Amino acid sequence: MDGILNIYKEKGYTSHDVVAKMRGILKMKKIGHTGTLDPEAQGVLPVCLGKGTRLCGMMTDETKAYRAVLLLGQETDTQDVTGAVLSQHPVEVGEEEARQAAMGFVGAYWQVPPMYSARKVGGKKLYQLARAGKEVEREPRLVEILELKVEQACLPRITISVVCTKGTYIRTLCHDIGKKLGCGGCMESLVRTRVGRFLIEDSLTLGQVESLQSQGGLERHVVPVDGFFSDLPRLTVKAGEGDKLVHNGNPFEPKLAAAGGEGLQVRVYDSQGVFIGTYGLDQEKGRYWPQKLFLGGS
């Protein structure tokens with residue numbers, strides 16, 4: 001099985017737990033996830049299978065969407081309600097002030113990664129240092145909140161939906177909104193609703209995956225590897241020289257294309273319709289050059 005499965009990660013599982021469960025269900029080792037989701041968080045976790053594992057790095061770069069509940073008046077060491085309470089403050093702001101503070105984070109901003117995270121400092125993961133009782137200085141990272149909507153403000157809780165770039169910590173966003181309001185805040189719950197084109201309404205729980213696999217119906221839910229590049233023009237090469245070049249991962253001239261559209265970037269197939277990978281056009285040299293290849297063993 002090669003491709004991507006849109007998994008709904010339930011509470012209590014780590015992303016690694018999901019991969020381990022999938023390996024047991026599918027009886028295959030080549031499985032990888034596309035970005036961690038905290039154990040208490042739930043929602044979309046695309047899982048790559050077989051040759052699809054070559055997409056893991058690309059999937060990590062995808063835009064993500066979340067729905068979170070921010071609890072004002074409380075700060076914790078983990079920036080969510082699972083952590084130890086560091087301070088508590090009365091919530092004296094009004095709903096409109098809270099809304100404006102949250103909306104003020106739309107756009108690019110410098111975010112300091114939380115201590116309880118998988119970021120590395122000096123070769124050690126921050127959460128390992130935090131568990132050892134150490135706090136170290138963290139370099140802020142530029143993240144971008146592409147969209148933010150306050151769905152409900154029923155103080156001390158605010159429900160927000162967020163669309164953001166990779167590397168954004170929603171826990172830290174909640175913490176920063178609380179800090180801006182002067183009363184502190186932490187994340188009470190989190191649901192990831194989208195990763196790139198993968199939507200929560202199309203996701204499968206591990207229980208559903210197991211059931212579909214036993215019934216022989218799981219494969220139709222797997223997005224094939226080339227499906228990830230469906231927005232690129234499809235180009236098929238001619239039999240003979242065209243096949244020989246792409247099977248060896250070599251560049252080829254546009255005249256060797258048998259069918260398909262043109263473009264600066266294309267998804268390439270051999271004459272038998274087997275997906276080879278993505279190629280980019282070097283206009284100066286007049287050739288398509290391989291960018292990401294998927295032919296060969298998984």
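**Notebook: pockets**

I looked up the second largest pocket and found 8 nonpolar, 6 polar and 7 charged residues in its lining. For these classes I counted Ala, Val, Leu, Ile, Met, Phe, Trp, Tyr, Cys and Pro as nonpolar, Asp, Glu, Lys and Arg as charged, and the others, Gly among them, as polar.

I note that the model is predicted, that local features need pLDDT of at least 70, that side-chain atom pairs count only at pLDDT 80 or more, and that totals for chains, interfaces and linings use all residues. Residues are numbered from 1 along each chain as its sequence is written, and side-chain values use heavy atoms, without hydrogens and water.

A pocket here is an open set of points on a 1 Å grid over the protein atoms alone, where a 1.4 Å probe fits, with protein on both sides within 12 Å along at least five of seven lines; lining residues have an atom within 4 Å of a point.

I then listed the 21 lining residues of the second largest pocket, and Asp77, Gln79, Met115, Glu135 and Arg138 lie nearest its centre. Its volume, the space filled by probe spheres set on points joined across faces, edges and corners, is about 420 Å³. Helix H5 gives the most to this lining, with 4 residues. Helices (H or I, at least four residues) and strands (E, at least two) are DSSP runs, numbered from the N terminus.

Next I checked the largest pocket, which holds about 1,300 Å³ of space. Among its 42 lining residues, Thr36, Leu37, Asp38, Ala118 and Tyr169 lie nearest the centre. Strand E12 gives the most to that lining, with 5 residues. By class I found 15 nonpolar, 14 polar and 13 charged residues there.
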